[in-house]
Amino acid sequence: MAKKRKLNSIRLLESRKIPHEIHRYDARIRDAQAVAEALGLSAETVYKTLVAEVPSRKTPILVLLPCNRTLNLKRLAKALGAKKVALASHADAEKLTGLQVGGISALALLQKRWRVYLDRRALEQSHLVISAGERGIQVRLETQALIDLVSCEIIDVADARETS
């Protein structure tokens with residue numbers, strides 16, 4: 001059996017002695033809600049990472065929110081003091097981050113020094129599960145440890161998902 005390589009995000013957590021758990025799933029899954037289901041985890045604890053572009057800023061931003069919610073772009077723009085904010089397309093998100101959609105992670109993008117925004121609902125959870133930086137691998141860590149490590153700013157930008 002081939003040895004599983006260790007991601008830089010996991011090395012970072014280990015070097016900082018931040019307790020964490022690694023969760024592996026089928027890498028063909030790209031949707032965070034489907035990841036939560038595949039892992040048998042609560043949708044309120046599994047967070048997706050979205051790449052947004054603000055025309056008034058040179059660099060994109062990352063927004064983390066529960067996988068069972070959608071991003072409210074108007075509230076995000078207001079929180080940022082911007083007139084307009086747009087989600088990057090999947091192709092643009094991959095080009096900007098160098099990571100595949102479904103594997104985009106604030107932990108893997110620390111070197112870019114992008115601003116990271118975390119939906120306020122995260123404060124209701126002791127632990128969050130986020131991408132480790134590669135599709136097929138999630139990492140569970142304490143919410144406060146994530147906030148401290150990536151210097152998250154807390155904002156209220158998630159809406160309930162519409163069901164059809």
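Biologist: Which residues of helix 3 are buried?
Modeller: In this predicted model, local features need pLDDT of at least 70 and side-chain atom pairs count only at pLDDT 80 or more, whereas totals for chains, interfaces and linings use all residues. Residues are numbered from 1 along each chain as its sequence is written, and side-chain values use heavy atoms, with hydrogens and water left out. Helices (H or I, at least four residues) and strands (E, at least two) are DSSP runs numbered from the N terminus, and buried means under 20% relative accessible area, exposed over 50% and partly exposed in between, with a 1.4 Å probe and protein chains only. On these terms the buried residues of helix 3, which spans residues 73-80, are Leu-76, Ala-77 and Leu-80.

Biologist: At the start of helix 2, which backbone nitrogen does a side-chain oxygen of Asp-31 reach?
Modeller: Helix 2 has Ala-32, Gln-33, Val-35 and Ala-36 buried, and their arc of only 160° around the axis puts them on the same side of helix 2. What covers these buried residues includes strand 2 and strand 8. At the start of helix 2, the side-chain oxygen of Asp-31 comes to within 3.1 Å of the backbone nitrogen of Gln-33.

Biologist: Which element gives the most to the lining of the largest pocket?
Modeller: A pocket here is an open set of points on a 1 Å grid over the protein atoms alone, where a 1.4 Å probe fits, with protein on both sides within 12 Å along at least five of seven lines, and lining residues have an atom within 4 Å of a point. The largest pocket is lined by 24 residues, of which Arg-30, Lys-48, Thr-49, Leu-50 and Val-101 lie nearest its centre. Two or more residues of the lining come from each of helix 2 (32-39), strand 2 (47-53), helix 4 (90-97) and strand 7 (127-134). The one that gives the most, with five residues, is strand 2.

Biologist: Is Gln-138 buried or exposed?
Modeller: Gln-138 is found in strand 8, residues 137-142. Leaving aside neighbours within four places in sequence, Gln-138 is in contact (heavy atoms within 4.5 Å) with residues including Glu-21, Val-35 and Val-129. Because its relative accessible area is 5%, Gln-138 is buried.

Biologist: What is the phi of Lys-17, and where does Lys-17 lie?
Modeller: Most residues other than glycine have a negative phi, and most peptide bonds are trans. Lys-17 counts as exposed because its relative accessibility is 72%. Lys-17, a residue other than glycine, has a positive phi near 55°, and its place is the loop between helix 1 (8-15) and strand 1 (20-24).

Biologist: In which loop does Ser-151 lie?
Modeller: Ser-151 is not a glycine, although its phi is positive at about 55°. With 53% relative accessibility, Ser-151 counts as exposed. The loop in which Ser-151 lies is that between helix 5 (143-150) and strand 9.

Technical notes. The arc is that of the directions from the helix axis to the C-beta atoms. A polar contact is a pair of N or O atoms within 3.5 Å; within protein, one must be able to donate a hydrogen and the other to accept it, and residues adjacent in sequence count only if both atoms are side-chain atoms.
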